[in-house]
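These are my notebook entries on one structure. I record in them what I looked up, topic by topic.

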Amino acid sequence: MGKIIRFITAFVFLCLHNKGVGQITAIKGTWVTNVASSALSSPRAISETVDHCKRNGLTDVFVVVWNRGVTMYPSQVVKKYIGIEQDTAYKGFDPLRLFIENGHKAGLRIHAWFEFGFSYAYQDSSQAQWLNKYPAWAGRDNQGRLLKKNNFFWWNSLHPEVQQFMQELVMEVVKNYDVDGIQGDDRLPAMPAEGGYDDYTLRLYAAENNGKSPPANPKEPNWLQWKADRLSAFVKELYNSVKSIKPNCLVSWAPSIYPWSKEQYLQDWPRWLKDGYADLIIPQVYRYKLDAYEQTLKAIESQIPREMKYKIIPGILTSLGDGYRATDSTLRSMIELNRKYGYAGEVLFYYETIRESKAPIFHP
């Protein structure tokens, strides 16, 4: 009897003290952003957001901390680089700290989501204080133009100073906040495949290829893989940096669907998974129709090792500003498909769907 008690005690201890991904059997999460949402607008709004998430049976909340070139929390790192400590919309309070305090009281895991990633401006680059101060960081296409895609202006994500900044930004959060995880998405780590024609990358490529220039076609397979490999190396570096400070901090990535993610944004995420630099991958299975959603789930199965499937949590598009809102039946059907194909959870984009829900999306 004594041996049994000691075994049970040891087992419980391990479960309580090891928050690694192996201990997480299901994630029911949502992204909370500051675009087309008031969820972060005040301490009261944050408290209400946490309450909504708890009532809807969620376990995890991915809270934006980096958007449009500034942070939602007071950042000494960004202040050092451009003199701006915090987005002025949050002057007088720290949304991340409040989310952690309220969320942990409610039993929720809180992840810091670096939504803007390696982009530095949206729509108008002339308003970008980053470009003015660090012009050498800017990505360039094969015509020498500023690297722009879908209205986002991008840094050269392969530049060591750009990567150093992002390392500092992520580690600032890991060291100073009791976060349960950190997350990059389809912009971290990422770069439009059209990039790579800035001075730094051209010199680096020439040094490694007997003085040759890269192909004029930015998506030539070997050239594209060369760029993707360097982003994969950054994934490894950032993952190891986080784990060296806080081993139990979950490192998750929410990329686009593969192989589109690699072909368009250099995100070779099946490799990140296989090489051990992802606690969770939350692919953006953003499909409007059920048959397309199911086909994408099937495709993912063929891209990952079976034994790592537990690290995949599909992301579901539930709303998009004022233009789209998934019906309750569509959302339920997508969740049922996740279970059918052996996925234990999902993350919803984005929180406003939960706020507007008349009945609990998940049962606590």
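I take helices (H or I, at least four residues) and strands (E, at least two) as DSSP runs, numbered from the N terminus. I work on a predicted model, in which local features need pLDDT of at least 70 and side-chain atom pairs count only at pLDDT 80 or more, while totals for chains, interfaces and linings use all residues. Residues are numbered from 1 along each chain as its sequence is written, and side-chain values use heavy atoms, with hydrogens and water left out.

**Entry 1: the loop between α7 and α8**

I looked up asparagine 210 and placed it in the loop between α7 and α8. Its phi is near 55°, a positive value in a residue other than glycine. From serine 213 to leucine 202 I count 11 residues in sequence and 6.7 Å in space, C-alpha to C-alpha.

**Entry 2: the packing of α7 and α8**

I then turned to the helices themselves. Two packed helices are described by the angle between their axes and the distance between the axes. Axes here are lines fitted to C-alpha atoms, for helices over the stretch in contact, and angles run from 0 to 180 degrees between N-to-C directions. How far apart are the axes of α7 and α8? For helix α7 (residues 199–208) and helix α8 (residues 221–245) I note 13 Å between the axes and an angle of about 105°. The two helices are therefore roughly perpendicular to each other, by a scheme in which angles under 35 degrees count as roughly parallel, over 145 as roughly antiparallel, 65 to 115 as roughly perpendicular and the rest as oblique. On the α7 side the contact (heavy atoms within 4.5 Å) is made by Thr201, Leu204, Tyr205 and Glu208, and on the α8 side by Trp223, Trp226 and Arg230.

**Entry 3: salt bridges**

A salt bridge is a side-chain nitrogen of Lys or Arg within 4 Å of a carboxyl oxygen of Asp or Glu. By this rule I record 17 salt bridges. One joins lysine 80 and glutamate 168, with the closest N and O atoms 2.7 Å apart. This pair links distant parts of the chain, 88 residues apart: lysine 80 is in helix α3 (residues 76–82) and glutamate 168 in helix α6. Lysine 80 counts as exposed at 54% relative accessibility.

Aspartate 279 and lysine 243 meet in a salt bridge at 2.6 Å, N to O. Aspartate 279 lies in the loop between α10 (269–274) and β11 (280–281) and lysine 243 in helix α8, so the pair ties together parts 36 residues apart in sequence. I note aspartate 279 as buried, at 5% relative accessibility.

For arginine 145 and aspartate 141 the N to O value is 2.9 Å. Arginine 145 is exposed at 51%, whereas aspartate 141 is buried at 11%. I also recorded a network of salt bridges that links Arg325, Glu352, Arg355 and Glu356.

Glutamate 172 lies in helix α6 (residues 160–176). Leaving out residues up to four places away in sequence, glutamate 172 touches Tyr73, Ser75, Gln76, Val77 and Tyr177.

**Entry 4: backbone points**

I looked up two cis peptide bonds. One joins tyrosine 258 and proline 259, with omega about 5°; the other joins phenylalanine 349 and tyrosine 350, with omega about 10°. Proline 259 is in the loop between β10 (250–253) and α9 (260–265). Leucine 266, in the loop between α9 and α10, has a positive phi near 65°, and leucine 266 is buried, with a relative accessible area of 0%.

Note on methods: Buried < 20%, exposed > 50% of the residue type's maximum accessible area, 1.4 Å probe, protein only.
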